[in-house]
Amino acid sequence: MSKAPSIRTTIVAALLLAAAALVWALPRAAAPDRAAHCTGRRIASWSTDSRHTAEFARYGNDNTRVDDWTGGDGTHSVRLPDGRTLWLFSDTFLDRIQPPPNPQGEQHRWRSADSGGTPFLRHNSAVVMSRSGRLERTLTGGTGAAPGPFFPDPPGGGWRWPVRASVEPRTPGAHEKVVRVLLWNRTPGTGPWIFGVPHSTEVATLSLPGLRLEGIQETVGRAAVADPGRRVLYGAAAVRDGGWSYVFGGDDPPSSPSSSAFVARVPAGRLADRGGWRFWDGAHWQPRPDRARPVLRAGGRRGVGSAFTVVREGPTWMLFTMDTGGGGTAGMRTITSYWACSPQGPWHGPNGRIAPPRPPAADPRYVAAYNPQAHPEFTADGELLLSYDINWLGPPGVPADPRLNGDVDLYRPRFVRVRTAPTGS
């Protein structure tokens, strides 16, 4: 007799758990009113944003310190609760900026190590911007005499590239806030992976307001997918919608110039908790990353670059990427967009084109624009701030560092303002 209530309790608990799991797995459709007002959007117009481009040039050229940022790529940002902005960079040059002419006799500012040697890349850094919009300091690791990456290289080789970041509760419902930074862990590679083999997605936690690195947790490991060509690194974009963070990622197929886009979702406050991640499998949100299916599949004119960005325009979701399906050099010259009424799609496009300006160079064929990133915290007058990175991708076998150090404008972000409009207008 004494066991009957316990059995009933167990059965009821099991049913409740099953129901909860079912609710978790069911696809979340857009709210009826949101879906009804969702309309297609496209790039309508754009203009250069000289203010942000000039501010990074000013800060990079300032030799007050020689252990701070002078150039980098992978430009991402997050607004902090006190009004500052944290800018995150992947590969980063520090060191000293010299006035023109450069060693080749060209009228470009150029970079040298303070000791007179050759500058070298750190794998990442962070730069703090004041509330007034002035860049103030660089966060690195290592020591003052030998600064290293802010997010330390993983044991056993490889590196970490920071991508999107979000301010969220330390734990669900907590009042204390922290910064969660999504990281791409990559290992050295050859052939199609000269920029590193995809390894895993990690999340770093930074304290507020001090921005101290508290720890790094793996959230999507390489064991989930054995084939690195099918492995998805998440964090190209992260968008908060209600109680969820929708985290977008892409694969890195060795035989295609385009990647496919994927999406996961995580409850607010649990980005660093791998148990909170759920992946869209084409019909449901479920916990196995190996069952994730593309929400925007590469093929023909469609596809995303290795880095892309997603924002909300009211009820409509917009994705900006290099036009990797455009043929020729469009994937390193032209930005395009897609739209959807939910993060899992369907995604429509590509729509519109931006050919952002690139700095002049002796041979412009090798000056690449890439990695468009939205900075919605700087939206003004209905115009979205979009950054893009600049690099020198010269002929095969020709090292890039002499060019990048010989002309500092070839490895710094630039900015444009984008205005969107309904696709039918």
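A disulfide is a pair of cysteine sulfur atoms within 2.5 Å. In this predicted model, the count comes to 1 disulfide, and that disulfide joins Cys38 to Cys341 with an S to S distance of 2.0 Å. The protein has 425 residues, of which 50% are buried. Its secondary structure comes to 4 helices and 27 strands.

**Overall shape**

- A compact globule of 425 residues would have a radius of gyration near 22 Å, and the value for the protein, 22 Å, agrees with this.
- Taken along the principal axes, the C-alpha atoms fill a box of roughly 95 × 50 × 45 Å.
- Among contacts with a separation of 6 or more, 60% are between residues 24 or more positions apart.

**The disulfide**

- A disulfide is a covalent bond between the sulfur atoms of two cysteines.
- In the bond between Cys38 and Cys341, the S to S distance of 2.0 Å falls within the 2.5 Å cut-off.
- Cys38 lies in the loop between helix 2 (32-37) and strand 1 (41-48), while Cys341 lies in the loop between strand 23 (335-340) and strand 24 (348-354), so the pair ties together parts that are 303 residues apart in sequence.
- The torsion about the S-S bond of Cys38 and Cys341 is about -95°, so the disulfide is left-handed.
- Cys38 has a relative accessibility of 12% and counts as buried, because the limit for buried is under 20%.
- Cys341, at 26% relative accessibility, counts as partly exposed.

- An open sheet is formed by 4 strands in the order 3-4-8-9, with antiparallel pairing.
- Strand 3 (76-79) and strand 9 (135-139) are the edge strands, and each of them pairs on one side only.
- On average, neighbouring strands of this sheet are turned by 25° against each other, direction ignored.
- Strand 8 (residues 125-129) pairs with strand 9 in the antiparallel sense over 4 bridges.
- Val127 stands opposite Thr138 in strand 9.
- Helix 3 (residues 50-61) lies across strand 4 (85-89), strand 8 and strand 9, and runs at about 60° to strand 9.

**Buried residues and their surroundings**

- Thr219 is in strand 15 (residues 213-220) and counts as buried at 7% relative accessibility.
- Leaving out residues up to four places away in sequence, Thr219 touches Thr201, Glu202, Val203, Leu271, Ala272, Arg274 and Trp277.
- Asp241 is in strand 16 (residues 233-241) and counts as buried at 15% relative accessibility.
- The side chain of Asp241 makes a polar contact of 3.0 Å with the side chain of Arg312.
- Ala330 is in the loop between strand 22 (316-322) and strand 23, and Ala330 is buried with a relative accessible area of 7%.
- Apart from neighbours within four places in sequence, Ala330 is in contact with Met322 and Asp323.
- Ala330 and Ala368 are 38 residues apart in sequence, and their C-alpha atoms are 9.9 Å apart in space.

**Backbone details**

- The peptide bond from Pro100 to Pro101 is cis, with omega near 5°.
- Pro101 sits in the loop between strand 6 (96-98) and strand 7 (110-112).
- The peptide bond from Gly349 to Pro350 is also cis, with omega near 10°, and Pro350 is placed in strand 24.
- Asp95 is a residue other than glycine with a positive phi, near 70°.
- Asp95 lies in the loop between strand 5 (92-93) and strand 6 and is buried, with a relative accessible area of 8%.
- Asn371 is not a glycine either, and has a positive phi of about 55°.
- Asn371 belongs to strand 25 (residues 367-374) and is buried, with a relative accessible area of 7%.

Terms used
Residues are numbered from 1 along each chain as its sequence is written. This is a predicted model: local features need pLDDT of at least 70, side-chain atom pairs count only at pLDDT 80 or more; totals for chains, interfaces and linings use all residues. Side-chain values use heavy atoms; hydrogens and water are left out. Helices (H or I, at least four residues) and strands (E, at least two) are DSSP runs, numbered from the N terminus. Buried means under 20% relative accessible area, exposed over 50%, partly exposed in between (1.4 Å probe, protein chains only). Two strands pair if DSSP finds at least two bridges between them. Axes are lines fitted to C-alpha atoms, for helices over the stretch in contact, and angles run from 0 to 180 degrees between N-to-C directions. Contact means heavy atoms within 4.5 Å. A polar contact is a pair of N or O atoms within 3.5 Å; within protein, one must be able to donate a hydrogen and the other to accept it, and residues adjacent in sequence count only if both atoms are side-chain atoms. The radius of gyration is taken over C-alpha atoms; the globule rule is 2.2 Å times the number of residues to the power 0.38.
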